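Please look over the model shown below before reading on. The briefing that follows takes its topics one at a time.

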Amino acid sequence: MIKIIDATLTMLEEYPLKKELISEFARTLESLCVWGAVITPRVYQLMQGDLPQGITWYMELPNPTESGRYPGIHFFLSSFCDGTGKYIRNIQVNDVSELRGLEGARSDNNLRLTGLDDLLIYESRDIYERGMKLLIQASPILYPENSCYCASAIAADYLQNHHNGTVMTTFTGIGNKAATEQVILAMRVVERYKPNNSFEKLADLRSLFETMTNTQIPGHTPVIGRKIFYIESGLHVDGVLKKPSNYESFPPELVGASRKVILGKHSGGTSIRYKLKQYHMEDCYPVEHLLEMVKRLSIKKGGEVTDEEFLTMMSECDKYEKANQNS
Amino acid sequence: MKRRIKIVDTTLRDGEQCPGIVFSPSDKVRLALFLDSIGVSEIEAGIYDVGTEGVHYISEIMKKKKQAVISLWSKLNPENVEESARQKPDLIHIGTPVSYAQIYNKLGKNKKWIENSLQECIKVARDYNIPITVGLEDASRADVAFLVSLIRLMKQQGVETIRLADTVGVLFPRRAGELVREIKQTGITIEVHEHNDFGMAVANSMVMALSGADMVDGTLLGIGERAGNCNLYEFVHSAARKFDLSVSSLDIKKGENLLKSIMNGGKRNDSED
């Protein structure tokens, strides 16, 4: 079984976290089929040891002899442990060639490999194949880093090759890691991971994350951006309205988003007809004329034409028609 | 010696299709000339569309550019190809739907129609003596046997380069590499065009280049439809250790700053078109 462990809470040490938000974050992760969450001693103290059930708890703990202080934690991650029982040994791997060190490692050793940024930038395919074989054999928790902008792909690639694999990720990839939401959705869409589960709570997770970090996630961020289902170009609007899967790899509802047709420089007649239909005015206005007005305004203002501006255009058309009739 | 990979910038075409982004003709000229100056191999300048933004900016780019190939994107339509050809770009890129979803659901056509239309378009471009590349749209969801037969047909007509477009961004690295290795067997030059729906556009482009692709598409800041395209800075930053790209990530960063200034309402001068 594929397992995804989220380590976002270990990256938020500098933020003013609150117990309620952390609990809500963990519960939302669970609803998204995330196997486990990693915390630090500080987060544990904030939670006063009151950890939500239903999710496996991991803790980053440099000194494993202190583990007795943290009841409720299932596994401890440390570079200074033997990797047995509830201790997971962390190994930093900076280069794919270092994977040779895994030869002889058994899958019953508890290991976490951090790094491997260059796994997909291989010198030769053989090196990659050998590395992946060693990874599958040792079956560590893979915690790829993102200095080559490939971390989510590395995590997904590992899970695709190893159906009993476990990866560690963070929401939005914070801390230079693979992004939890990208790995979940990629596995859902391409590998049919948890096909009956809804992932609409990703939108809640986004809001929680934004509250905790006091940031705004950019609109076109993969999977969770608020604008990823906005469409403007005539070709795409036409294709999506005929059948959404023509231009969408997954439906917006799956991630708690919604589709929106934007009017602008690249709009086509289909978009105008779509908007008119929304206002129950399909046959009342000249589509080509409105389209020209939309394009002109979009170019002039350097951005999208809002629904209000489109309504104004419609009323201008009305006035023009009346003036022509009177003259 | 590092293998050469040509960088194709599509900020002005696919990037601008990000809803709400509008480049004026003068913006396009500024961006294109900057990209040309830093060594980008090909610049997809836009879609021929006289009704929207005119065509003078294309001739201005053509006149002032130093080294980059300037291409125009055209639909799979002989009239569109002819209109594009009249602007005398260095190259015309013909977007050709190849997945069954795109052929049957979007266009309401069939494979034969695609083959015939493509041959007509190729003929028009040949009449104008303008080289073409063929963009195999939604190639990642297409039947590979159909792709291969279409490529063989194109090669007979003199087409040398195709673009494998992961139009809805569903490739994983493993399949991305396999696809390139399968298509490479036809002997055609391969350009790859990745979308970032699962945050894998850079990784897929990297794996595809390692698997034998010759050209990689991307946009400044990764702008584009939905979650955008392969981010050029990120790709160049990571790929420079393996390939000769003829462009540095530092210069791409400068291009990003220029783009940001334009998107933030930098000074416009549209009177010239």
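Helices (H or I, at least four residues) and strands (E, at least two) are DSSP runs, numbered from the N terminus. This is a predicted model, in which local features need pLDDT of at least 70 and side-chain atom pairs count only at pLDDT 80 or more, while totals for chains, interfaces and linings use all residues. Residues are numbered from 1 along each chain as its sequence is written, and chains are lettered from A and ligands numbered from 1 in the order in which they are written.

- Helix 9 (residues 201-210) of chain B is largely enclosed by the rest of the structure, because 10 of its 10 residues are buried (a residue is buried if 20 or more other C-beta atoms, placed from the backbone, lie within 10 Å of its own).
- Among the buried residues of this helix are Ala201(B), Asn204(B), Met206(B) and Leu210(B), and the helix is followed by Gly212(B), whose phi is positive, near 125°.
- Leu221(B), in the loop between strand 9 (215-218) and helix 10 (232-239) of chain B, has a positive phi near 60° although it is not a glycine, and it is buried, with 23 other C-beta atoms within 10 Å.

**The barrel of chain A**

- Eight strands of chain A form a closed barrel in the order 1-2-3-4-5-6-7-8, with parallel pairing, where two strands pair if DSSP finds at least two bridges between them.
- Strand 7 (residues 141-144) and strand 8 (residues 166-169) of chain A pair in the parallel sense over two bridges, and Leu142(A) has Val167(A) of strand 8 as its bridge partner.
- In the loop between strand 7 and helix 4 of chain A lies Tyr149(A), a residue other than glycine with a positive phi near 60°, which counts as buried with 25 C-beta neighbours inside 10 Å.

**Contact between the chains**

- The contact takes 47 residues from chain A and 37 residues from chain B, two residues being in contact if their C-beta atoms, placed from the backbone, lie within 7 Å.
- The elements that give two or more residues to the side of chain A that touches chain B include helix 4 (151-161), helix 5 (180-191) and helix 9 (287-301) of chain A.
- By class, that side of chain A has 21 nonpolar, 17 polar and nine charged residues, where Ala, Val, Leu, Ile, Met, Phe, Trp, Tyr, Cys and Pro count as nonpolar, Asp, Glu, Lys and Arg as charged, and the others, Gly among them, as polar.

Terms used
Buried ≥ 20, exposed ≤ 12 C-beta atoms within 10 Å, placed from the backbone.
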